[in-house]
Amino acid sequence: MEGESTLVMVAVSESTINGYPHASISSKGAFEWTLNKIVRSNTSGFKLLFLHVQVPDEDGFEDMDSIFASPEDFKGMKNRDKIRGLHLLEYFVNRCHEIGVPCEAWTKKGDPKEIICHEVKRVQPDLLVVGCRGLGPFQRVFVGTVSEFCVKHAECPVVTIKRSAAETPQDPIDD
């Protein structure tokens, strides 16, 4: 429809090397590619949707369904509430606001492959963009790949962005 924004969901994850609040190399690459190749200068024609899926662990992290659409949404929170994934999402929301791209961001808890596909079905974006580490067949057997699963199962077109050779850490499983 005319006047309606194109919804682009970008699945983002934390760095396995630096941990929170740092975004993974693949997530930053997927985000920058989306800005440079899809949004370009048409900032009002798109809305970016950032989803971060946290793998449940024994620290008692509770699922959060809050929506964040501007830098102010993070400022009112107490430090103890501004944990882990929220720091990561804040990076992407702040960058979008710097360049004038409308956005929303949220976290979910569970298996990233399953949750991303579930959220695609629920939100119905026009496109899903995911980063990809570019692991070889041997490494994929042990690590599994979220991007491959999403390409096969997400109910929308999926673009996978492979990180450049220059950005690949010494151990390619790291991100």
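Colleague: Which strands form the open sheet, and in what order do they stand?

Modeller: Two strands pair if DSSP finds at least two bridges between them. Helices (H or I, at least four residues) and strands (E, at least two) are DSSP runs, numbered from the N terminus. Here five strands form an open sheet in the order β5-β4-β1-β6-β7, with parallel pairing. Because β5 and β7 (158–162) each have a single partner strand, they stand at the edges, and one side of each is left without a neighbour in the sheet. This is a predicted model, in which local features need pLDDT of at least 70 and side-chain atom pairs count only at pLDDT 80 or more, while totals for chains, interfaces and linings use all residues. Residues are numbered from 1 along each chain as its sequence is written, and side-chain values use heavy atoms, with hydrogens and water left out.

Colleague: How many bridges join β4 to β5?

Modeller: Seven bridges join these parallel strands. His 52 stands opposite Thr 107 in β5.

Colleague: Which residues touch the most other members of the largest nonpolar core?

Modeller: A nonpolar core is a set of buried Ala, Val, Leu, Ile, Met, Phe, Trp, Tyr and Cys residues joined through side-chain atoms within 4.5 Å. Buried means under 20% relative accessible area, exposed over 50%, partly exposed in between (1.4 Å probe, protein chains only). In this core of 23 residues, they are Leu 48 and Phe 50. Helix α3 gives the most to this core, with six residues.

Colleague: Is Leu 89 buried or exposed?

Modeller: Leu 89 lies in helix α3 (residues 85–99). Leu 89 is buried, because its relative accessible area is 0%.
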